[in-house]
Amino acid sequence: MGSGRSELGMSPVIRIRDLCKTYVVTEREPGVGAALRSLLHRRTRETPAVERVSFALAPGEVVGFIGPNGAGKTTTLKMLSGLLHPTSGEVSVLGYVPWKREKAFLRQITLLMGQRNQLVWDIPAADSFELNRAIYRIPAADFRRTVDELTDLLELGPLLRKPVRNLSLGERMKCEVAAALLHRPQVVFLDEPTIGLDVTMQRRIRAFLAEYNRRCGATILLTSHYMADVEALCRRVIVIHRGQLLFDGDLSDLVRRFTAHKTIVVQLGESHLDLRGYGEVVSALDGAVTLRVPKAETARVTGRLLAELPVIDLTVEDPPIEEVIERVFAQEIP
Amino acid sequence: MRGLADIYAQQFRITLASFLQYRASIFIWMIGGILEPVIYLAVWSVVSRSRGGSVGGFRAEDFAAYFIAMMLVNHLTYTWIIYEFEYRIRQGSLSMALLRPLHPIHSDIVDNVTSKLISMPLLAGTALLLTLLFRPAFHLSLWALAAFVPALLLAFAVRFLIEWTLALAAFWTVRVSAINQGYFVVLLFLSGQMAPLSLFPEPLQMAAAILPFRWILSFPVELLLGRLTPVETLAGLAILLGWLAAALIGLMATWRAGVRIYSAVGA
């Protein structure tokens, strides 16, 4: 059944090498004349969406896949889940070639997209769950246990009996997450799973995903624009920009590598001191001053601050992760 | 097989529950399907009376029988898949369906069969009412009635597969509605929906018989009207079986090619 299924224990669950996807798009100028011309001669342009991306994920890893809109994240996830045929390169997930979409492969993965839904709109989620049970051939006892577990973890209780259209966005998302995991997939692709949700709900989904990973040992690849998702769930991040891999490693390394600055917050005994001589003043409020200084200068500036000013408290911090990411994408730093 | 039966049972429950939420729209939608043959029936009855009681061997009561039977057969073989497929692709639900370890055609089979079951009482009631109003002349024999069941099932299967295949045009072009329109116009004429095929010029009759159109609508109707001999009936069933095989092969090939295109350009 499996095409060259790997039996080695710790060999990667997901492996892609030199993966490329180029879309061919038809182009035309606006206007009637251009419309008529395009009937005779279609002008096409090749748009590379993913260019020579390589990475591998070990079993049980939770990896954040980040990049701005149009970076190629969703395209990559679609190639990994079998929806898209790569233009070139190799993809292997659980030893299968995804685009062949073998049933044995599909039964072990899930792709959850925050912007799309699989639950039937007009009926309670519990009925959609039953359909998934049948489609994924989940044994009745396993099914009941999983539903109970998910109901408990996600607090689904009364939601399952209401027609899906009567649920709030957050409630619906919780049900979508549950529906996507009923068959206990070994590989989980999440594309913006918390999009549009409020902070509490985001946190709940995050905590749940961490717990799912712990209990099932599933490998998770997650894209999100909320860095809080990535920080909470992933030690490792893969950064992609304009279709190319920019970074693959620990989140802390990313911060180290892409930040040339540190943030120093000083609490002073006097409130009207001018600190512009020490670094760039980001904010100054009631004697609490936030300074941005070049990384290499941090020790020297800190020493000077402590020696020269009435400092009550001083902390040195990395800039917020959002800021780091913003800089990565702006290519401010080589 | 048991797995598939389970899937069908669950899908049936879901489809039934969804449909029941839209009772009113199903009712309104059915009125259109009922009204059309009634209009043809009325027009042709007037024409036959003005022509001294008969047109091409059809008297007013024969037309009544013909269009009542046509209403039944058309309704029981009708699908709306061509309208839906384009939407599924554009809105992305097809992608979600492709990620499941099940061919998406299965849920359409259940949807279509369920809708027929739901509308059956209304359809039967309408047929009865029209029978009382127009006094049709059915010449039913027991064997023809027995043969009608497999003829109807085969006609539905062939029509379903053909229309499902045509719907796949959405993989190649965004202008599916033009293809649909073309198909429905040809179907309207060549399947006998507007008038019995025997009233058509010879070449059109031939075209209808060579193509699947006569077999998916007119043939079961002719059978119900007692206009076919046992030999003609058997031949018709054999032709339907042939079309079933051809449609199945066509569907599988088109599906494979379509999904390849879909997954190349951006599912």
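Predicted model: local features only at pLDDT ≥ 70, side-chain atom pairs only at ≥ 80, totals over all residues.

1. Leu94(A) counts as buried, because 20 C-beta neighbours lie inside 10 Å and the cut-off for a buried residue is 20 or more. Leu94(A) lies in the loop between strand E4 (88-93) and helix H3 (103-106) of chain A. Its phi is near 55 degrees, a positive value in a residue other than glycine. Most residues other than glycine have a negative phi.

2. Glu155(A) is not a glycine, yet its phi is positive, at about 50 degrees. Glu155(A) is found in the loop between helix H5 (140-154) and H6 of chain A. Is Glu155(A) buried or partly exposed? With 13 other C-beta atoms within 10 Å, Glu155(A) is partly exposed.

3. The largest nonpolar core has 77 residues, of which Val93(A), Ala178(A), Val187(A) and Phe189(A) touch the most other members. Helix H6 (residues 169-181) of chain A gives the most to this core, contributing 7 residues. A separate, second core of 58 residues includes Trp44(B), Leu154(B), Leu166(B) and Ala247(B). In soluble globular proteins, nonpolar side chains tend to be buried together.

4. The surroundings of Val187(A) link back to the first point. Leaving aside residues up to four places away in sequence, Val187(A) touches Val13(A), Ile14(A), Val93(A), Leu94(A), Gln108(A), Ile109(A), Ala218(A) and Thr219(A).

5. Helix H2 (residues 73-81) of chain A is largely enclosed by the rest of the structure, because 9 of its 9 residues are buried. Gly82(A) follows H2(A) and has a positive phi, near 100 degrees.

6. Strand pairing in chain A can be followed through E8(A). Strand E3 (residues 62-66) and strand E8 (residues 236-241) of chain A pair in the parallel sense over 4 bridges, with Gly64(A) opposite Val237(A). E8(A) also runs antiparallel to strand E9 (residues 244-250) of chain A, joined by 6 bridges, and Arg236(A) stands opposite Asp250(A). E8(A) and E9(A) form a hairpin with 2 residues between them. In the turn, Arg242(A) has a positive phi of about 45 degrees.

7. The contact between the chains takes 24 residues from chain A and 23 residues from chain B. On the side of chain A that touches chain B, H2, H3 and helix H4 (125-135) each supply at least two residues. The largest share, 5 residues, comes from H4(A). This side of chain A divides into 12 nonpolar, 3 polar and 9 charged residues.

8. Chain B has 11 helices and 2 strands, and from the N terminus on its elements run α-α-β-β-α-α-α-α-α-α-α-α-α. A compact globule of 267 residues would have a radius of gyration near 18 Å, and the 20 Å of chain B agrees with this. Along its principal axes, the C-alpha trace of chain B spans about 65 × 40 × 35 Å. Of its 267 residues, 37% count as buried. Among contacts in chain B with a separation of 6 or more, 80% are between residues 24 or more positions apart.

How values were computed: Residues numbered from 1 in each chain as written. Chains lettered and ligands numbered in written order. Buried ≥ 20, exposed ≤ 12 C-beta atoms within 10 Å, placed from the backbone. Core = buried A, V, L, I, M, F, W, Y, C linked by C-beta atoms within 7 Å. Contact = placed C-beta atoms within 7 Å. Pairing = 2+ DSSP bridges. Nonpolar A, V, L, I, M, F, W, Y, C, P; charged D, E, K, R; others polar. Rg over C-alpha atoms; globule rule 2.2 N^0.38 Å.
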